[in-house]
Amino acid sequence: MSVKSSLFKQPIVHFLLLGVLLFTVDRYWQQQHRQTIDPLDAETLQELRDDWVRQTGRMPSPQQMRAIQQQELDNRILFAEALRRNYHRDDTVVLQRLLRDAQFLGIEGSDEEKIRAAISLGVHLSDEVIKRRMIQRVERMGRVQFMDSPDEIELEALYDSERERWLVPARYSFKHVFYSGDRSEDPILRAKNDLAVLEQGGLASLDVQLGDPFLHGRSVKSKSLQDLTFMFGAQFSDALRARDIMTERWFGPIPSAYGAHLIRVTEIYPQYLRSYSEVKPKVAQLWRDEQERQSLRQYIEQLRQEYGVAEPKTAEEGQP
């Protein structure tokens, strides 16, 4: 007896061959029973391109167009999965929408009869609100499909990798004298004239006769440069950022969106890093958000293996 023939009589070989056979049959069965979604026709592609142009004001690049097409195919897969799970029959929001559509179409009967009639007419297949709702339900399921719980080491590593996120920027408290740009006099010149008086120690406590009234008052408490950008405009915060600021000294003029200002900083709160224990709940939420995104991507990839894109119909097939 040859070595080759005796090898094929070994039980382990039989087991391996049977496994390969079963795997091959299973793959063949999956391919034959693979669910399909409609391909993207020329009209749909043009609508996707037009939507991109309306939102961005420019034509999509070939790479962007491929991503747009893949997103549309993924949405079709998610909607097909929602249909397979009968979300159009058990979702409260969808059922309410179907009832409204049925009433709009003049369908009579009880609420249940109206909904059944709307489904039989395929209303749920064309109503964009229903489709979006059903897709969102599948997405919510996908976000938790492959999630697990983080351990302390993972959270601390995430905290370290996102240190800039936990930085609290420097903040400033100050008094200011405002010079409106709406008056006929040059606000910069007015500010310079008053600064000379203040630098010599005159009017140390803001005399009401200096400058113009300001809507938010003459004192600002504990604001970052970003806060000041919202309050006074980018010119103001940029000018402060460029200065080596000292407390209890008047300086300026500092331009703003409203005119000009003389500033006396009363207190500076330095930038600092929030501790891990202080921001741990936010770190955990950041971890969950990323895990949900990864889980959804993995789930969609799994669905792509279960759904295929149907072959486009030929001109002859499209004819009645």
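## Salt bridges in a predicted protein chain

## Salt bridges in a predicted protein chain

A salt bridge here is a side-chain nitrogen of Lys or Arg within 4 Å of a carboxyl oxygen of Asp or Glu. This is a predicted model, in which local features need pLDDT of at least 70 and side-chain atom pairs count only at pLDDT 80 or more, while totals for chains, interfaces and linings use all residues. Residues are numbered from 1 along each chain as its sequence is written, and side-chain values use heavy atoms, leaving out hydrogens and water.

**The chain as a whole**

- You will find 15 helices and 8 strands in the protein chain; these are DSSP runs numbered from the N terminus, with helices (H or I) of at least four residues and strands (E) of at least two.
- Of its 320 residues, 31% count as buried, where buried means under 20% relative accessible area, exposed over 50%, and partly exposed in between (1.4 Å probe, protein chains only).
- Taking contacts between residues at least 6 apart in sequence, 69% join residues at least 24 apart; a contact means heavy atoms within 4.5 Å.
- The accessible surface of the protein chain is about 21200 Å², and carbon and sulfur atoms hold 52% of this area, computed by the Shrake-Rupley method with a 1.4 Å probe; for residues, only the protein chains shown count as cover.

- The structure holds 25 salt bridges, and Glu112–Arg116 is a pair inside helix H7 (residues 111-120), 4 residues apart, or about one turn of the helix.
- Glu112 is exposed at 54% relative accessibility, whereas Arg116 is partly exposed at 47%.

**A network across the chain**

- Shared partners in salt bridges join Asp90, Asp91, Arg133 and Arg137 into one network.
- Arg137 and Asp90 form a salt bridge through their side chains at 3.1 Å, N to O.
- This pair links distant parts of the chain, with Arg137 in helix H9 (residues 128-145) and Asp90 in helix H5 (residues 87-90), 47 residues apart.
- Arg137 is partly exposed at 21% relative accessibility, and Asp90 is partly exposed at 46%.
- Asp91 and Arg133 also meet through their side chains in a salt bridge, 3.1 Å from N to O.
- Here too distant parts of the chain are linked: Asp91 lies in the loop between H5 and helix H6 (92-104) and Arg133 in helix H9, 42 residues apart.
- Asp91 is buried, with a relative accessible area of 3%, while Arg133 is partly exposed at 25%.
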